[in-house]
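Let's take a quick tour of a protein model, from its overall layout to its core and its charged pairs. Have a look at the sequence and the 3D view before reading on.

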Amino acid sequence: NKQGQEIGKHLNANGIPAIFLGNLLERPEVKDLISLMSLAVFHDGASLMRVSTSGNYRINPTDSLTAYRESQKNGSPLLDELELLDLPEIARLLTDINELLLQNSPYLSIARYLFNNSILNHLSETEISVENVVQRSSVCQFLNLLRSLPIDPESSPLENMRSALGQIKRMAQPGFGPKLQIEDLSEIDAVQIMTIHSAKGLEYP
């Protein structure tokens with residue numbers, strides 16, 4: 001899967017549209033959403049670094065690293081150290097994190113996040129390209145995955161988010177993750193990259 005993604009990235013960078021329908025949970029835009037959920041629950045440094053440099057936030061990695069180091073040195077909550085930096089983009093991130101834990105359903109939380117940040121609208125309104133189609137399909141499929149996960153109405157939003165992350169982690173094991181699906185590939189003018197396993201049974205002239 002990793003090799004397929006790298007080949008696709010290289011082809012796209014050289015002007016050859018390519019699509020790799022690998023593990024949904026390995027898609028960059030999906031990993032960004034999972035990292036945001038993880039940051040809200042576990043306040044971990046790895047998730048912070050990924051979220052900080054994602055397309056939705058352009059936080060200087062040095063600022064994120066400073067907050068993490070202060071948190072480790074002082075034994076203080078990472079989000080508290082972030083707040084002390086008093087930077088607009090970090091304030092927006094902290095607002096988004098707090099709002100993720102207002103809904104009892106992780107599906108509703110992420111759907112609201114995507115709506116509030118106009119992420120799906122942006123993917124729909126930008127110039128149509130193979131990558132935009134894949135990104136939009138990935139995010140929508142991940143939303144459907146979250147909706148399918150069981151939640152406990154008696155549990156807190158934090159507990160349900162933690163449970164969802166645990167289920168996603170188990171799905172992410174090699175060979176078990178859900179595969180990215182796009183309804184009609186015939187309309188996409190691009191090289192389709194397959195693993196040997198995926199291509200099994202197919203015949204080419």
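First, a term you'll need: a residue is buried when its relative accessible area is under 20%, exposed when it is over 50%, and partly exposed in between, using a 1.4 Å probe and protein chains only. This is a predicted model, so local features need pLDDT of at least 70 and side-chain atom pairs count only at pLDDT 80 or more, while totals for chains, interfaces and linings use all residues. Residues are numbered from 1 along each chain as its sequence is written, and side-chain values use heavy atoms, with hydrogens and water left out.

**Overall layout**

- The protein has eleven helices and two strands; these are DSSP runs numbered from the N terminus (helices are H or I with at least four residues, strands are E with at least two).
- Going along the sequence, the pattern reads α-β-α-α-α-α-α-α-α-α-α-β-α.
- Of the 205 residues, 38% count as buried.
- Take the contacts (heavy atoms within 4.5 Å) with a separation of 6 or more: 65% of them are between residues 24 or more positions apart.

**The nonpolar core**

- A nonpolar core is a set of buried Ala, Val, Leu, Ile, Met, Phe, Trp, Tyr and Cys residues joined through side-chain atoms within 4.5 Å.
- The largest one here has 40 residues, and Met37, Leu39, Leu93, Ile110, Phe142 and Ile168 have the most contacts inside it.
- Several helices give two or more residues to this core, including helix 3 (45-52), helix 6 (88-100) and helix 9 (130-148).
- Helix 2 provides the largest share, eight residues.
- Leaving aside residues up to four places away in sequence, Ile110 touches Leu33, Met37, Leu100, Leu143 and Leu146.
- In soluble globular proteins, nonpolar side chains tend to be buried together.

**Charged pairs**

- The structure holds five salt bridges, each being a side-chain nitrogen of Lys or Arg within 4 Å of a carboxyl oxygen of Asp or Glu.
- Arg27 and Glu29 join their side chains in one of them, at 2.8 Å from N to O, and both residues are buried.
- Lys31 pairs with Glu26 at 3.7 Å, N to O; Lys31 is partly exposed at 31% relative accessible area, and Glu26 is partly exposed at 30%.
- In the salt bridge between Lys73 and Glu70, the closest N and O atoms are 3.4 Å apart.
- Lys73 and Glu70 sit three residues apart in helix 4 (residues 61-74), so about one helical turn separates them.
- Lys73 is exposed at 61%, whereas Glu70 is partly exposed at 27%.
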